[in-house]
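Here are my notes on the model, as numbered points. Please read them with the structure open.

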Amino acid sequence: MSFSENEGHSTLTTSVVLVAFVLLVGLVSRGECQTTPPRTPCSSYQSCDQCAPNTKCLWCFTTNNCTEYPVSWLLPPPSLCQLSQARWGMCWLNFEGLIIALAVLGGTVVASIIVCCCCCCCCKKRSSRPDRDEERFIQRREEIKQRTEERNVERRARHDQIRKKYGLMSDSDHPYSKFEND
């Protein structure tokens with residue numbers, strides 16, 4: 001490598017590092033500028049319509065209050081609110097219905113993935129070997145070829161007999177016998 005090639009490579013590397021640094025500083029400084037307004041506590045919501053759309057909150061119809069969703073638990077414990085009375089996300093759908101709907105949806109997705117995988121595996125197995133219809137077709141074609149060949153042999157034998165009978169068959173031992181008789 002000559003001096004000018006080393007200098008060009010060094011300049012390119014420096015440019016790439018400089019661009020990466022500028023992008024990093026730009027992203028970090030942009031993140032510092034964004035501020036979020038203070039979150040309203042769940043206990044300040046007075047109705048299900050206000051509480052349920054907030055994902056951090058859970059509305060309970062038995063106590064008619066909005067509480068923080070217990071994130072340490074997957075499901076809210078019965079001491080906080082019964083599942084049939086708890087609302088999260090939507091007021092018209094109780095937590096039991098939400099769990100059932102999500103379970104059905106998840107089961108459908110898993111079942112469809114399994115069916116697709118099984119279908120793909122079956123298609124691979126089929127494509128790796130010819131199926132029975134193809135085998136029958138190939139066998140039938142071979143039989144037709146064999147019968148055609150047998151008929152051609154029989155036809156040649158009959159034509160040769162006719163040629164011998166009328167003296168049209170040339171003598172293969174002596175190809176110039178026809179010219180000697182003249």
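1. Start with N64, which sits in the loop between β1 and β2. Helices (H or I, at least four residues) and strands (E, at least two) are DSSP runs, numbered from the N terminus. The model is predicted: local features need pLDDT of at least 70, side-chain atom pairs count only at pLDDT 80 or more, and totals for chains, interfaces and linings use all residues. Residues are numbered from 1 along each chain as its sequence is written, and side-chain values use heavy atoms, with hydrogens and water left out.

2. Most residues other than glycine have a negative phi. The hairpin of β1 and β2 has four residues between the strands, and N64 is the one to look at for its positive phi. N64 counts as exposed because its relative accessibility is 51%. The cut-offs are under 20% relative accessible area for buried, over 50% for exposed and in between for partly exposed (1.4 Å probe, protein chains only).

3. Now the sheet. Three strands make an open, antiparallel sheet in the order β2-β1-β3. Strands β2 (65–68) and β3 (86–87) are at the edges with a single partner strand each, so one side of each has no neighbour in the sheet. Two strands pair if DSSP finds at least two bridges between them.

4. Strand β1 covers residues 57–60 and pairs with β2 over four antiparallel bridges. C57 has E68 of β2 as its bridge partner. C60 faces N65 in β2. On the β3 side, β1 makes two bridges, again antiparallel. There C60 stands opposite A86.

5. Which way do the β1 side chains point? C57 and W59 point one way, L58 and C60 the other way, and all are buried.

6. Two aromatic pairs are counted. W59 and F61 form an edge-to-face pair, with 6.5 Å centre to centre and 85 degrees between the planes. Rings of Phe, Tyr and Trp (its six-membered ring) pair if their centres lie within 6.5 Å; planes under 30 degrees apart count as stacked, over 60 as edge-to-face and the rest as tilted. W59 is buried because its relative accessibility is 4%. F61 is partly exposed, at 33%.

7. The rings of Y69 and W88 have centres 5.8 Å apart and planes at 40 degrees, so this pair is tilted. Y69 lies in the loop between β2 and β3, and W88 in the loop between β3 and α3, so the pair ties together parts 19 residues apart in sequence. Y69 is buried, with a relative accessible area of 14%. W88 is partly exposed, at 30%.

8. How many salt bridges does the structure hold? There are two. The term means a side-chain nitrogen of Lys or Arg within 4 Å of a carboxyl oxygen of Asp or Glu. D133 and R136 form one of them, with the closest N and O atoms 3.3 Å apart. Both residues lie in helix α4 (residues 132–165), three residues apart, about one turn of the helix. R136 is partly exposed, at 45% relative accessibility.

9. R163 and D160 also meet in a salt bridge, at 3.2 Å from N to O. This pair too lies in α4, three residues apart, about one turn of the helix. R163 counts as partly exposed because its relative accessibility is 37%. D160 is partly exposed, with a relative accessible area of 30%.

10. Helix α4 has 34 residues and reaches 49 Å from its first C-alpha to its last. That is close to the 50 Å expected at 1.5 Å a residue. The expected span is 1.5 Å times one less than the number of residues. After α4 comes G167, with a positive phi near 75 degrees.

11. Finally, the surface. L102, L105, V109 and I113 make a nonpolar patch of about 380 Å². Patches use residues with over 30% relative accessible area and no salt bridge: like charges are joined within 9 Å, nonpolar side chains (Val, Leu, Ile, Met, Phe, Trp, Tyr) within 5 Å. Accessible areas come from the Shrake-Rupley method with a 1.4 Å probe; for residues, only the protein chains shown count as cover. L105 is found in helix α3 (residues 95–128). L105 counts as exposed because its relative accessibility is 53%.
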